Amino acid sequence: MMGSETDLSAPLVVGFGVTGQAVTRALIAHGVTPTVIDDQPSDAAVTAAAAVGVELISGPSPEQVQALVASCSVLLPTPGLPDHHVAVASARLGGRAIRSEFDLARLWDDRPIVAITGTNGKTTVTMLVTEALERSGIHALAVGNTDLPLVEALVDETVRVFVVEASSFRLGHTGCFTPAVATWLNLAPDHLDSHGSAEAYETAKAALWRDLGLDSIAIANIDDPTVMRHLPIANTSTFGLEAGEWHISNGHLVGPLGAVVAVADLQRRQPHDLANAAAIAATASAAGATLEAIAATLIAFVGLEHRVQRVGEWDGVAWYNDSKATVPHATLAAVGGFESVVLIAGGRNKGLDLSGLRSAVPPVRAVVATGDAADEIVAAFDGLVEVRRAASMADAVDAAAELALSGDAVVLSPSCTSYDWYANYGERGHDFMRLVNERHGS
């Protein structure tokens, strides 16, 4: 990165999706009209560009992109734009600043930010920290890697705290990020197709703590050695399952001041749920939430869609939709909470090594392999358990039903993206649930 200043005299927005549109509207509201390009804009993007009065350059050639980058003051890439994209590569080669919406928010607003990153769990933690703050009488808003970009949320002057789900894409392109509370949940290989290497992905995540202020609090998962390696020296807090300032002990989630809530009172009690609960308590408390509000939030939580979401139980077999699990680390966390699992996995791999899924045996005792990565799934479990291939989600549900025995959990936890068969993981999860319910007459 090239320092923390952001020159907005001639910004170039690359990618005109949800965040690109929000950034463009925010720039215009601040008196700056950016140049906007998109490799393959949707019809909705074209309409949105016309509505705000900017020219959308569609599908520019590499030479055009290079020229536009050379004449811009700052590059504002859409989250997820690969590091090898010609715009990013040209900016780095030519010394042009690359910034994210986080930099714009820092430039325009000084309200406190609570930032949460991690390979897995950040959406859940973000939503529940926000709820705990609201229950404490502190108006908070969940933003960032959600349907609401941070720069768009700034217009709401009633918000006292922004709780930001901070993806590696945004962090990696941020010049200076100074959240008041910054929580790092975990790290496992992900998005290597965009970042290029595990090292680059880790570096992007570590930007969460790179520029913390003297009064900022860094909160870390004590059970993750990679996260702990990056932890700053001062103003820190830790959480974990059995260690850290916030952890599980004697059937309770406890913090520095004692017990917060009984595990038996929680509706989500798998190991990853309890780790998330400790992270939520640590983060929300640091941000000003009361322990009573934290406990009430955790007790009321039944789970988010597509995250080990219970679909139903028939003939002693429980079915779960964990479509959000697009990396092996998430799948291992999901199946680890069950005694016996029929796993449905596969989709489009994003450059990750799937062989680590072998460690899911046990509790996995049978596997249904799907999608573009079916061969990799088969190879991962070869010789360990029975594996069947499925040509569609309907086939996968049928195969899993044939393999399942009473007492099993059938878990759709793909370890891969959905982009071979579906537009997104939500569409995949909904289709899975529909097929399961139709099969069982629900």
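How much accessible surface does the protein have, and what share of it belongs to carbon and sulfur atoms? In this predicted model, the accessible surface amounts to about 17800 Å², and carbon and sulfur atoms account for 51% of that area.

## Overall architecture

The secondary structure of the protein consists of 17 helices and 20 strands. Its radius of gyration is 22 Å, close to the 22 Å given by the globule rule for 442 residues, so the protein is as compact as a globular protein of that length. The C-alpha trace spans about 65 × 55 × 40 Å along its principal axes.

Of the 442 residues, 57% count as buried. Where contacts link residues at least 6 apart in sequence, 65% of them join residues at least 24 apart.

## Helix H17

Helix H17 covers residues 425-439 and contains 15 residues. From its first C-alpha to its last it reaches 21 Å, close to the 21 Å expected at 1.5 Å a residue. Just after the helix, Gly441 adopts a positive phi of about 70°.

The buried residues of H17 include Arg428, Asp431, Phe432, Met433, Leu435 and Val436. The packing partners of the buried residues are strands S15 (309-314), S16 (317-321), S17 (341-346) and S20 (409-412), together with helix H16 (393-403).

## Asn276 in helix H12

Asn276 is located in helix H12, which comprises residues 271-286. Asn276 counts as buried because its relative accessibility is 12%, below the 20% cut-off. Apart from neighbours within four places in sequence, Asn276 is in contact with Gly121, Thr124 and Val125.

Terms used
Residues numbered from 1 in each chain as written. Predicted model: local features only at pLDDT ≥ 70, side-chain atom pairs only at ≥ 80, totals over all residues. Heavy atoms only, no water. Helix = DSSP H or I, 4+ residues; strand = E, 2+ residues; numbered from the N terminus. Expected span 1.5 Å × (residues − 1). Buried < 20%, exposed > 50% of the residue type's maximum accessible area, 1.4 Å probe, protein only. Contact = heavy atoms within 4.5 Å. Rg over C-alpha atoms; globule rule 2.2 N^0.38 Å. Areas by Shrake-Rupley, 256 points an atom, 1.4 Å probe, with all protein chains shown as cover.
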